Amino acid sequence: MVSWRKQMTLDFLAFFWAMQAGVGALDMAVMKPDASYFFATPLVLASRASTLAMAQAELVRVALKPVASRIEPFTTKGDLILDRPLVEVGGKGVFIKELERSLLAGESDAAVHSMKDMESDFAAGTMIGAVLPREDRRDALVGSYADLDALPDGAIVGTSSVRRRALLLHHRPDLRIKLLRGNINKRIAKLNQGDYDAIILAVAGLKRLKLSLDYTPLDEKLMPTAAAQGALAVQLCDPSLAQGEKAIRQQAVFDAISPLACVNSTIEVTAERAMLAHLDGSCHTPIAASARFVDDKTLRLDGMVLSSDGSAAFRRTMTASKDEAVALGIKVGVALLDDAGGRGFLA
Ligand SMILES: NCc1[nH]cc(CCC(=O)O)c1CC(=O)O
């Protein structure tokens with residue numbers, strides 16, 4: 001097998017020869033071997049070790065073909081501490097930091113994340129190489145009840161998300177919300193044991209794990225979703241900051257990852273995350289942000305902030321050109337803060 005470095009040289013020589021001989025761009029495209037030649041060793045995808053994270057990383061691995069890649073699992077702090085709400089363990093970053101460390105240390109080439117779990121600012125020197133086509137973003141009511149209205153008085157509902165808790169209590173103050181952490185299979189096992197009447201999980205996770213169980217996707221009018229829910233992000237080192245051989249490999253990684261991007265999903269999550277960043281990226285505050293295209297050029301962003309017990313809630317919907325996703329996110333964020341009477345509302 002020809003090493004990728006030697007192949008680079010050969011490719012350059014071929015290009016040089018083609019320039020000299022006046023071969024057209026079309027012929028060059030045909031001469032160019034497939035992207036997998038860059039990797040003497042396969043592209044290493046870092047993932048959390050949970051079953052959902054591994055299934056998501058596998059989606060990226062398959063999408064990357066013909067570039068050869070393998071998945072390297074990492075156990076994160078968020079996976080180890082399961083008896084406390086995420087906000088107490090250190091917020092969303094607990095799922096991400098170990099993967100970022102592996103990227104920066106050169107142990108992995110790219111990291112696959114649920115974008116919902118990424119803070120607004122990630123490790124310096126890294127970037128989002130691609131946001132994949134988004135899965136169904138809705139929350140699901142899992143269990144034998146067909147809808148929130150069908151839950152009996154005082155029913156015990158499992159979730160550890162401050163947003164889901166606040167929204168549930170907003171609609172049904174009688175419900176008893178009980179902490180539920182751990183990977184999806186453990187959560188479902190706890191439901192089946194009878195610890196809860198129902199639990200809330202993301203539809204995206206259930207679909208990606210191909211779990212066949214009873215669930216009802218919840219209407220987004222009642223349960224607006226978290227920023228970037230259902231979106232997968234691939235994070236990598238910014239190749240423009242590297243030097244020498246590292247830069248060559250990081251550029252090859254970038255070139256392999258960037259075609260996986262879905263433009264519309266990227267624009268949606270950009271608006272949602274801009275709103276979240278303007279309000280509070282810490283996930284202490286219940287915040288929903290969900291953007292959708294209303295036509296080819298126009299984006300509508302639905303944003304909501306609630307008090308943690310759901311008794312107070314503010315919601316705004318605005319539209320803007322798809323080229324102004326960040327401005328739209330900030331505009332909705334500003335309006336919500338104004339409605340809520342300022343930053344004092346954010347816990
Ligand atoms: N914090 C856990 C988490 N992060 C992303 C998902 C679901 C997959 C997605 O939103 O893409 C989940 C599980 C859940 O909310 O049920």
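Predicted model: local features only at pLDDT ≥ 70, side-chain atom pairs only at ≥ 80, totals over all residues.
Residues are numbered from 1 along each chain as its sequence is written.

With those classes, the residues of the shell around the ligand divide into three nonpolar, four polar and two charged. The residues that surround the ligand are S114, K116, D117, L201, A202, A204, G205, Q229 and G230, where a residue is near a molecule if its C-beta atom, placed from the backbone, lies within 6 Å of it. Strand β8 (198-202) and helix α9 (203-208) each supply at least two residues of that shell; helices here are DSSP runs of H or I with at least four residues, strands are DSSP runs of E with at least two, and both are numbered from the N terminus.

Now to the domains, whose bounds come from an automatic or database domain assignment. The protein chain is assigned domain 1 (34-131 + 232-261), domain 2 (139-217) and domain 3 (265-339), and the shell around the ligand draws at least three residues from each of domain 1 and domain 2. The C-alpha centres of domain 2 and domain 3 lie 24 Å apart, and the contact between them takes six residues from domain 2 and 11 residues from domain 3, two residues being in contact if their C-beta atoms, placed from the backbone, lie within 7 Å.

Finally, consider the strands β11 (residues 287-293), β12 (residues 298-306) and β13 (residues 313-321). Seven of the nine residues of β12 are buried, that is, 20 or more other C-beta atoms lie within 10 Å of their own, whereas exposed residues have 12 or fewer and partly exposed ones fall in between, with C-beta atoms placed from the backbone. Strands β11 and β12 run antiparallel and are joined by seven bridges, with A289 opposite G303, and strands pair if DSSP finds at least two bridges between them. On the other pairing, nine bridges join β12 to β13, again antiparallel, and V305 stands opposite F314. In the hairpin of β12 and β13, which has six residues between the strands, G310 takes a positive phi near 75°.

Notes. Nonpolar A, V, L, I, M, F, W, Y, C, P; charged D, E, K, R; others polar.
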